[in-house]
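Student: I would like to learn how to read a few local features in a model. Could you take me through them one by one?

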Amino acid sequence: MGSTSDLEVMSAAFKVFDEFGVEYEKRVISAHRAPKLLFEWASGAKDRGIDVIIAGAGGAAHLPGVTAAMTIVPVIGVPILGKCFGGLDSLLSMVQMPSGIPVATVAVNGAKNAALLAISIMALSDKRLSEKLLEFRKKQTEAIENTQI
């Protein structure tokens, strides 16, 4: 995340990872205030065994894009609702990446879906995660099918 103020939103991703038994790192690294640290962290991500990066940021929201420029690890951006523009500024910053440096982007404050997307990516090569994801989807479907009003 770009700042500790993003922790409340990003905690939804941590909860999903905990439920699925996925190991993860939590870091605060600002693309603007700590660019050298971001370069060191992002450029070494693949070698450290990181399969997917989720980067949450508000305002200018450059963290996901700058991170994606420094690694070939897939990056999922979570636009964080800020004090103005209803998070649209963050969302547009992430989805308008230049050709060749993609950032997958979820809804404003969509950290839960970011985690589920990351798990979907990892499940392509991890049978245990694939089975857990299928079970999660099955339970979601059953909850809707069994809903009575």
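Tutor: Gladly! Let's start with accessibility: a residue is buried under 20% relative accessible area, exposed over 50%, and partly exposed in between, using a 1.4 Å probe and protein chains only. Keep in mind that this is a predicted model, where local features need pLDDT of at least 70, side-chain atom pairs count only at pLDDT 80 or more, and totals for chains, interfaces and linings use all residues. Residues are numbered from 1 along each chain as its sequence is written, and side-chain values use heavy atoms, with hydrogens and water left out.

Student: Then is F85 buried or exposed?

Tutor: F85 counts as exposed, because its relative accessibility is 63%. Its phi is also worth a look: near 70°, a positive value in a residue other than glycine. F85 is placed in the loop between β2 and α4 (88–95). Helices (H or I, at least four residues) and strands (E, at least two) are DSSP runs, numbered from the N terminus.

Student: What is the phi of A61?

Tutor: A61 is not a glycine, yet its phi is positive, about 55°. This residue lies in the loop between β1 and α3 (63–69). A61 counts as buried, because its relative accessibility is 4%.

Student: How do I read aromatic pairs, and how many does the structure hold?

Tutor: Rings of Phe, Tyr and Trp (its six-membered ring) pair if their centres lie within 6.5 Å; planes under 30 degrees apart count as stacked, over 60 as edge-to-face, and the rest as tilted. The structure holds three such pairs. One of them joins F17 and Y24, a tilted pair with 5.6 Å centre to centre and 35° between the planes. F17 is buried at 8% relative accessibility, whereas Y24 is partly exposed at 30%. Another is F20 with F136: this pair is tilted, because the planes stand at 55°, with ring centres 5.6 Å apart. That pair links distant parts of the chain, 116 residues apart, with F20 in helix α1 (residues 7–20) and F136 in helix α6 (residues 127–145).

Student: Which residues do ring pairs link into a cluster?

Tutor: F14, F17 and Y24. There is a charge to notice as well: the charged end of K26 sits over the ring of F14, 5.1 Å from its centre. The rule is that NZ of Lys or CZ of Arg lies within 6 Å of the ring centre and within 35 degrees of the ring normal.

Student: Which residues of α1 are buried?

Tutor: V9, M10, A13, F14, V16, F17 and F20. Just after α1, G21 takes a positive phi of about 70°.
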